[in-house]
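Visitor: Hi, I have a model open and would like to talk through some of its details. Could you walk me through it?
Guide: Happy to, here it is.
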Amino acid sequence: MKKLLVDKNNNDNIKVKVKDVFFGGKEKVIISGPCSVESPDIMIDIARNLKLLGVHILRGGAFKPRTSPYDFQGLQYEGLKILKEVGMEVNLPVVTEVMDARDLDEVIKYADMLQIGSRNMYNYTLLREVGKSGMPVLLKRGLSATINEWVNAAEYIMMEGNFNVVLCERGIRTFENYTRNTLDLNSVAVVKQKYRIPVIVDPSHGTGRRELVAAMSFAAVAAGADGLIIESHVNPDNSISDATQTVSIDSVKDIICKIKKLETILQN
Ligand code: PEP
Ligand code: MN
């Protein structure tokens, strides 16, 4: 079989740069923000609070892949504008999902990093297009994807000459139904051992329960993750989407504080 670009081989580990933020370096990258961009006022309130905590990248979905077509589908282009303006206001790079290759040219104007959602991990035409764009990509693991399929999805992006790929473990479907997904931290250890691109963890979608987000954040860092993406809100219960897994700003603060301590232990 052909050697994959993503394999460690003799190649150096890849560091992915998003504005001044590096994935794959010593410091763990913290991405946080609401599941969906809801309004300018809420977005700026969340962003200002997260900036004070030292969060590196702001998240917010404008195009939302919802299970029911009757649920909120995101503010779409209006959401992109809000996210970019807020990011500029607080001086944080922004990451947002692109669901459709037809939106790519427009999304690129607003995002610093493109998120490929779990449901689109197998969308090979979209992967090739984001590859051609050269933009940093956050590639979520498909909800029923094997590690091999996930890594090959990264390969599709890299084949187009775009090595700015960060993997994101967000949990997989199993028979367990207490949690929304089963957060597979095995995959983090595998990626760190075998592959040369950074990997971060999403404990929000990985659990679906806000009371488990802190514990799984610590576990992810202990397993070797290069960062975390955590859904947060100034009023979590009022989040338009994914309220049950969205944590408060105070919880993000607590997680960041403990992760810093964990980092020093792991470096020794
Ligand atoms: C999200 O990040 O809000 C999201 C929809 O994630 P996933 O694609 O992992 O379900
Ligand atoms: Mn979400």
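Visitor: Let's begin with Phe63: buried or exposed?
Guide: This is a predicted model, and in it Phe63 counts as buried because its relative accessibility is 6%, under the 20% cut-off.

Visitor: And how many aromatic pairs are there?
Guide: There are two aromatic pairs.

Visitor: Why is the pair of Tyr124 and Tyr156 stacked?
Guide: The planes of Tyr124 and Tyr156 are at 20°, and stacking asks for under 30 degrees, so the pair is stacked; the ring centres are 4.3 Å apart. Tyr124 belongs to helix H4 (residues 124-133) and Tyr156 to helix H5 (residues 147-159), so this pair ties together parts 32 residues apart in sequence.

Visitor: How do those two count for accessibility, Tyr124 and then Tyr156?
Guide: Tyr124 is partly exposed at 32% relative accessibility, and Tyr156 is partly exposed at 23%.

Visitor: Staying with helix H5, where is Ala154?
Guide: Ala154 is in helix H5, and at 0% relative accessibility Ala154 counts as buried.

Visitor: New topic, the metal. What coordinates the manganese ion (ligand 2)?
Guide: The manganese ion (ligand 2) has Cys35 (SG), His205 (NE2), Glu231 (OE) and Asp242 (OD) around it, at 2.0 to 2.4 Å. The spacing of these donor residues in sequence is C-x169-H-x25-E-x10-D.

Visitor: Where do Cys35 and Glu231 sit?
Guide: Cys35 is in the loop between strand E3 (29-33) and helix H1 (40-53), and Glu231 is in strand E10 (residues 227-231). They are 196 residues apart, and the pair links distant parts of the chain. Both Cys35 and Glu231 are buried.

Visitor: What about His205, where is its contact with ligand 1?
Guide: A polar side-chain atom of His205 is 3.3 Å from an oxygen atom of ligand 1. The backbone oxygen of His205 also lies 2.8 Å from a polar side-chain atom of Asn181. Asn181 is in the loop between strand E8 (165-169) and helix H6 (186-194), and Asn181 is buried, with a relative accessible area of 5%.

Visitor: Which residues come nearest to ligand 1?
Guide: Ligand 1 has 13 residues around it, and Arg59, Lys64, Ser118, Lys140 and Arg170 come nearest. A polar side-chain atom of Arg170 is 2.7 Å from an oxygen atom of ligand 1. For Gln115, a side-chain N or O atom is 3.0 Å from a ligand 1 oxygen.

Visitor: Which ring does the charged end of Arg209 sit over?
Guide: That would be the ring of Tyr178, with the charged end of Arg209 placed 3.8 Å from the ring centre.

Visitor: Last one, what does UniProt place at residues 14-267?
Guide: The unreviewed UniProt entry gives "domain: DAHP synthetase I/KDSA" there. In the model, residues 14-267 are 42% helix and 15% strand, and the end C-alpha atoms of that span lie 19 Å apart.

Note on methods. Residues are numbered from 1 along each chain as its sequence is written. Chains are lettered from A and ligands numbered from 1 in the order in which they are written. This is a predicted model: local features need pLDDT of at least 70, side-chain atom pairs count only at pLDDT 80 or more; totals for chains, interfaces and linings use all residues. Side-chain values use heavy atoms; hydrogens and water are left out. Rings of Phe, Tyr and Trp (its six-membered ring) pair if their centres lie within 6.5 Å; planes under 30 degrees apart count as stacked, over 60 as edge-to-face and the rest as tilted. Buried means under 20% relative accessible area, exposed over 50%, partly exposed in between (1.4 Å probe, protein chains only). Helices (H or I, at least four residues) and strands (E, at least two) are DSSP runs, numbered from the N terminus. A charge sits over a ring if NZ of Lys or CZ of Arg is within 6 Å of the ring centre and within 35 degrees of the ring normal. Donors are N, O and S atoms within 2.8 Å of the metal (3.2 Å for Na, K and Ca); water is not among the atoms, so sites may look incomplete. UniProt positions are given in the numbering used here, feature names are shortened, and annotations may be inferred rather than shown by experiment. A residue is near a molecule or strand if one of its heavy atoms lies within 4 Å of it. A polar contact is a pair of N or O atoms within 3.5 Å; within protein, one must be able to donate a hydrogen and the other to accept it, and residues adjacent in sequence count only if both atoms are side-chain atoms.
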